[in-house]
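Here's a quick tour of a structure, starting inside one chain and working out to how the chains pair up. Have a look first.

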Protein chains: 2
Amino acid sequence: MATRTFGAAVQRNIDDRLLTGRGHFIDDIDLPDVAHAAFARSPFARARIASIDADAARAHPGVLAVYTCEDIGHLDQDLPLLIPHQSLIGARTQRPLARDDVHYVGQTVAMVVAVDRYTAEDAVRLIEIDYEPLPVTVELEAAAGEGAHLVHPDVEGNVAAHFVQNSGDAASAFARADHVTKITVRVERSCAAPMEGRAVCARWDRITGQLTVWDGTQAPISVRGGLASLFDIDEDRVRVIAPDVGGGFGQKVLFFYPEEVLVPMASIGLDRPVKWIEDRTENFVGSTQERTQVHTIELAATRDGEVIGLRDSFLHDTGAFIPYGIAIAQVASTSIAGPYRIPNIEVEFKAIYTPTVPVTPYRGCGRPQSCFAIERAMDKLAEELGLDRFEVRRRNFIQPDQFPWKREGLLFADGLAVCYDSGDYPEALKKCAEAIGLDRLDELKAEARSRGKHLGLGLGFYVEGTGLGPYEGGHVRIHPITGKVYVNTGLAGQGQSHETVFAQIAADQLGVDPKDVIVVEGDTGAFDWGVATFASRAAVVSGNAIHKAAAKAREMVIEAAANMLEASKDDIELEDGKAKIAGSDRAVTLAEVATATNPLRYAFNKAAQSATQFAPASKHDGPPLAEGKAPGIEATDYYSPPYSTWAYGCHAALVEVDADLCSVAIRKYVCVHDCGNMINPTVVEGQVVGGMAQGLGGALYEKIIYDEDGNPRNAGFMDFLMPYATEMPKVDIVHMETPSPLNPLGVKGVGEAGTIAVPATVISGIEDALKPLGAGHFHEAPVFPHMIFEKLEAGDKAA
Amino acid sequence: MATRTFGAAVQRNIDDRLLTGRGHFIDDIDLPDVAHAAFARSPFARARIASIDADAARAHPGVLAVYTCEDIGHLDQDLPLLIPHQSLIGARTQRPLARDDVHYVGQTVAMVVAVDRYTAEDAVRLIEIDYEPLPVTVELEAAAGEGAHLVHPDVEGNVAAHFVQNSGDAASAFARADHVTKITVRVERSCAAPMEGRAVCARWDRITGQLTVWDGTQAPISVRGGLASLFDIDEDRVRVIAPDVGGGFGQKVLFFYPEEVLVPMASIGLDRPVKWIEDRTENFVGSTQERTQVHTIELAATRDGEVIGLRDSFLHDTGAFIPYGIAIAQVASTSIAGPYRIPNIEVEFKAIYTPTVPVTPYRGCGRPQSCFAIERAMDKLAEELGLDRFEVRRRNFIQPDQFPWKREGLLFADGLAVCYDSGDYPEALKKCAEAIGLDRLDELKAEARSRGKHLGLGLGFYVEGTGLGPYEGGHVRIHPITGKVYVNTGLAGQGQSHETVFAQIAADQLGVDPKDVIVVEGDTGAFDWGVATFASRAAVVSGNAIHKAAAKAREMVIEAAANMLEASKDDIELEDGKAKIAGSDRAVTLAEVATATNPLRYAFNKAAQSATQFAPASKHDGPPLAEGKAPGIEATDYYSPPYSTWAYGCHAALVEVDADLCSVAIRKYVCVHDCGNMINPTVVEGQVVGGMAQGLGGALYEKIIYDEDGNPRNAGFMDFLMPYATEMPKVDIVHMETPSPLNPLGVKGVGEAGTIAVPATVISGIEDALKPLGAGHFHEAPVFPHMIFEKLEAGDKAA
């Protein structure tokens, strides 16, 4: 039996290319005669545009065109509301170029296309835009309050959406509770900060009527569909390619950003390739962000700590527009009860417009906020009931035999009631306690105090609905010359190692080395049914589709090989790129099988016995290709999940605070996580650690700051703090594997897992560390040194 | 019920584009930085290359590279023998660039790539090639005779292949025959002379590792397979596109011509696009030709004209190489008995090398020669037995109730015994006699004589094995935005109206206007399983594959529409781009069906009720895409014929000869033909008339002339005569439609039909016209005026 590569720590097959500089990112695509775009962006959070004079820009040498909203014809329309929902009250999406009003600093107002970027930028500065500034209310709570200035004059109270959900009967639970814990938590806005910004390059081919767009998008198929509609070109004549893309994290799954529509438009209009590469400043003001939410959460508990009810009411900052509808708030609201049974839930939110960069999902998508809310509330409950934090969780966990666990009334992003598929939460907590060394905690705290430091234990538990549908497809073909296996899927990768794990999945079915599996994604010319890369869904949805397609191909290989070897199908084994008769040395290579199953041999085919056969000259009975058969070895299949798979995990940290410096150091960090069966532990670890780095930013460093006029104050890497490698602790990862019963591979998603619980964990650790100093509760994320200072000051005063 | 477009004279959907100059032929593909190739070609029919000095050429300004056989690495190998066969004795194929020896005038010896074609041509003239000429034997019979100079020193007697086939027992038939008729016929060499010559343009993309080749080939998929093997690039990274191609006629189905390998090689080597456009002189010396055969045919007959045996022995001129093996001679030999029962056949041929342009199939492929042989022999038999020409044919026809009619022992190109599938030959002859006005023949002859002219009746009957396997595929997809239907197949078109007839086939299944069906072929990026365009196979093989795929798509549409309309599948009709409930006005458009069957709506989709849904937010039971289902409306299927379909037809002509001028005029021409069910009579008529024009060239005008040293004497349109529109008679076409029982559409091929019988028909008419003048028999094609003059002189002398 062939060695299974599923589960093995296979080396990433893309590293060699990327690490030696042979990646091809969009800026590497060097089309002859390419023109370059640059954008005039609003310098005001809210203003009326009185006039635009682009004459000087148009006259500037090297400028090919200047576009305002007046120059883009039918594209001067609202960009799509991607997920409609009945709770949306005043859903507003952006136009490609602002008409009349601007709503945030950075909004696109005009586009210049010129012979090079320098010229285009110079010409942008020559466009005279007469703005009449308007007053703004920037802070979320204020924007939601009485008398706030409106982002959209016709949207009352800045309320974009208002939604209340009930599961069970929260009111009656609260009525009969022995104890109610109530806290308010606040999570700040951050951003994805991918290494490569967004980028679009478009080439219109007048001769063939084909539009090719290279777009650093997470959703090439959807972009193609939209562009085809917008430009009234049949989909088959639009090809969207997402080549190597340097990070996405959700920021690149919005479509359309203005640039994604305007650059192809200019290419068609100018009959010339046009390229736009986002610079870092643009990424801070022109690409979407996420996180700000303020939750007021209440837990209704029995005397012994069983939580029988939960009420959560939160405000969600959606920025100036709401292209994804309630996606983030919906995920936050439906994840609010975490791993706990809590049978009665009422959760209410309002999505509020603020005159800031629009908000769309960023790695975690609402989950870090709800995890922070429920986990900090559980800690508070434990404290109030005098229970151990571990114990209060243990008493409330959904038990391993209680799956599937359904929360009727809470509808997840797939439109179905939340339903956790599988897991072992008590075991995860137990492993976490062991790994962090809970039994030595007092000793460690004492040791820290002996050095003048304060050590605390941080704890955070998360659940995550992953593998969102509706479907993805997989296409598998064996190459008739080399026997290499090509795998196509409709996703696009931004560093998630799809090329490796999808190769492993196909390799197992076909008995080849994963190195001989070539995964092609992000190209609608290769496969064009599918959705996009987001929501930790690739392994679950594309992975299982590829598994199913490869299994079909395996059957074809076995049938053909059995014919070729005159053996029983039951005796055929696939191993080492060959189909063998078990227990013998008789075998045919996959290349030979792929050649033999095509009734036509092409010239020079090395795998063909007769090297050069073109038309068949050999005798055959019946048609050369039997009815219902296809030539070669090629199969397509789809996987469509019945509902989401729920990954989960438990983080713990030993957090050391220097009360003098108000600095925080993480002495030890443990991540127990369970994403079902692991395809590749190295890749899982990479995802977990990468996610944790972004989580750590949310815990201690990252906050997008706007001043009271709505000007971004730290829109650059000089001012916006991200954790470097120096800030990242070593992470002890403990794998658990509870297979998902929902899909053949038993996998769940892991892309966002690392991020979710970090703020809750680190900040609970700070709180625990500083409890002896009377610093009180830390219910905001991130925690900056000045906040520690203020808490300590307040604690001192209280003491 | 929707109107069926199958059988309707639908306007060709490509004419608008082509007639208004919006075609995109390879020379229209204007790649930036493209370099241009030109070739040094042998000026000798046979010579040894003593040395090549390319220094001056390499030093010429603007030259990027000069290649001789020494410079092309592993490509310095024999190009493929496309169809191996056991009868091949000394199969020789050409190398991309000659090594040591040249074998015909025009053979490629060196390639120059330069910044433009002018520079490349100038540099070609700077290459000093020292040839040592060798003696040659050019004429076919002489080359096959004793003491002939050899084309390949190691191939004895210039015999490339020798093959004898027997069906029944010819010897015993001849032994018991009452009468034996024996004649020798000769058919000369012609050429395809497409309006557009061959052309290759290649672009190597270093960044993506992709090779794109635009090639005016009839076989893009096979070219791709071969290039992938040769350059060791996986097939998925090689794309071959045959865009608009101005005529092929078999000349463009050879692969590889040297240029098809060398131009991509140069593009990869120079990392720059390279283009080569064949000029007219090159087409005459560097592209393949066909026709020269000399048949000695004998018929063994009973007293009353029943032919009980046939012996044919012929020489086939294969030129300097034999890349297609015995393809032409095999087709000629297996078609030799035409529509006649003749149960005992012995046919023998030798393929002979001559130091001339290599021979590969040209429209008709051996059939014009065998038709000329059998039809002229039947006329001679009639004359010798004192029977009417019509009557002797009637007595020998396979009867309508005798199909399938098998000739065991004669193996056709598909490797199976010749087996005629269906037909009504007596009816075709009857219709032909009626249409030509046989009953008024004496009157018309007298009228001509009254004007000093001589009128004769020409007659020719042909059969043609069409629809050769092994298979083709069809892919049908309905576009979710516009409802347009995309049809892809692996063929390539060169003017055969595939775009129209394939659209009709799909339109019928899906109830749409053929104008809304977009056929994409000739692009391995669109569909890459299949064979090529040749042997009158497109309608049969691709046509039925598309029919099957469209029928699958139809079922999908009906099922989805029944769900959408909450109706029974049995009540759904497809008409006018809609699926309707029969007898009601309730309907959904195909665009709506294609949208609804994809669980994902893309932004801006006009057909979606909700314009902008991205991720699904609606409730569903089970997976959004049911197990075993694929999204959208898309289907692929293949058709693989069990054996060839046999088209046939009968031509008759009233041929008027001016005995003083020795000129020939065709007064009336009738073509009765039967290609099974006709998809589009206009297209069928276009094929028939176009084929007839090339047949008329073979009857009266076209002959490639080599002098005794093997120099082509008429390699240009100034000297090589082709019929113009002024020479073409009006053709009265009589359609018969005997469906083929072998395929769902009941179609047979018609691409070559018009060509085959013309020489036999016209020349038998000349013979009949001049019989009163004692001019004797005309057993050579074409007949030039000087030949009539000589026959009349000889007749006068004999008288």
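## Around Val112(B)

Let's start with Val112(B): leaving out residues up to four places away in sequence, Val112(B) touches Ala37(B), Ala38(B), Ala57(B), Val63(B), Val66(B), Ala120(B), Ala123(B) and Val124(B). Contact here is C-beta to C-beta within 7 Å, with those atoms placed from the backbone.

A word on ground rules: this is a predicted model, where local features need pLDDT of at least 70, side-chain atom pairs count only at pLDDT 80 or more, and totals for chains, interfaces and linings use all residues. Residues are numbered from 1 along each chain as written, with chains lettered from A and ligands numbered from 1 in the order written.

## The core

Val112(B) is also among the five residues that touch the most other members of the largest nonpolar core, 528 residues in total; the others are Val112(A), Ala506(A), Val557(A) and Ala506(B). Helix α15 of chain A (residues 538-565) gives the largest share, 14 residues. Such a core joins buried Ala, Val, Leu, Ile, Met, Phe, Trp, Tyr and Cys through C-beta atoms within 7 Å, buried meaning 20 or more other C-beta atoms within 10 Å of a residue's own. Helices are DSSP runs of H or I, at least four residues, numbered from the N terminus.

## Two copies, one axis

The contact takes 68 residues from each of chain B and chain A. On chain B's side, helix α6 (residues 220-231) supplies the largest share, six residues.

Key
Buried ≥ 20, exposed ≤ 12 C-beta atoms within 10 Å, placed from the backbone. Helix = DSSP H or I, 4+ residues; strand = E, 2+ residues; numbered from the N terminus. Contact = placed C-beta atoms within 7 Å.
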